[in-house]
Amino acid sequence: MKSYPAVPPLFRLPRLCFPVLCLPLLCLSLLCLPLAASADPQSEEVLARLRAALSATQGYKADFRVMGQDIDTASGSYTVSGDRFYLQIADSEVYCDGKTRWEVANADQAILICPFNPNDNNAVTNPPRAFDTRDWLTIYGGEVNVGGTEGKGGRECVAVILRPRKTVNTLPYTIWIDKQTFLPVVIKYTVGGQGLFVTVIFDVVTPLEQVDATIFSIDPSKYNGYTPVDIRNMR
């Protein structure tokens, strides 16, 4: 890898937080003010079982596809263990060891090095929070309800629907959860108040009894010739 420039140049990294390519990850971004909200007991139970299914082992891996109106379908995967994760989507990668996040744009041969915020609710910059739904009500307000049962991908699923206040323009947000495993199957949400729907299909979500911790830290030898831009100390 090349040495870090003293002053980072104007850098146009294809950020993974671009709305239509983010995991449901977009839908968990923090808003400025908490809003009053309510959840029915059945939805609380389903979401609690979802969290329990994902936290029962050392970590989990999710293979997914993102599709929607006016966007190309993109495939990706991520592996999560605690605050650490490795994310791959299209030609981009993100490593996070729980302290530092490295965003790799392979098309541009560039690496953006960022500080990691464990309290970040954005699932693109912090995939471990992708299914941590406990903050939904505080963040978005509105209501969380069970929307019934239907088949998705050959699995019987229960839908949990977040209906926020009208001032929130990135939702409603629906997650379909497998009734047998309580693992996520499909997520659907809207983008930017434009009425554009994005669907994230989880082809496989695999709980991992053991996780290789080395996958969460970048190996510089794999990215010889890439330009690193370190913004960890920028204000």
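## Lys 179 and Glu 156

The side chains of Lys 179 and Glu 156 form a salt bridge (a side-chain nitrogen of Lys or Arg within 4 Å of a carboxyl oxygen of Asp or Glu), with an N to O distance of 4.0 Å. Glu 156 sits in strand S9 (residues 155-163) and Lys 179 in the loop between strand S10 (173-178) and strand S11 (184-191), so the pair ties together parts that are 23 residues apart in sequence. Strands (E, at least two residues) are DSSP runs, numbered from the N terminus.

Lys 179 is partly exposed, at a relative accessible area of 38%; Glu 156 is also partly exposed, at 48%. Partly exposed lies between buried (under 20% relative accessible area) and exposed (over 50%), with a 1.4 Å probe and protein chains only.

## Model and conventions

This is a predicted model, in which local features need pLDDT of at least 70, side-chain atom pairs count only at pLDDT 80 or more, and totals for chains, interfaces and linings use all residues. Residues are numbered from 1 along each chain as its sequence is written, and side-chain values use heavy atoms, with hydrogens and water left out.

## Arg 65 and Asp 203

Arg 65 and Asp 203 form a salt bridge whose closest N and O atoms are 2.6 Å apart. The pair links distant parts of the chain, 138 residues apart: Arg 65 belongs to strand S2 (residues 59-68) and Asp 203 to strand S12 (residues 196-208). Arg 65 is partly exposed at 29% relative accessibility, and Asp 203 is partly exposed at 35%.

## Lys 152 and Glu 150

Between Lys 152 and Glu 150 there is a salt bridge, with the closest N and O atoms 3.9 Å apart. Lys 152 counts as partly exposed at 23% relative accessibility, and Glu 150 at 37%.

## Total

By the 4 Å rule, the count is five salt bridges.

Notes. Helix = DSSP H or I, 4+ residues; strand = E, 2+ residues; numbered from the N terminus.
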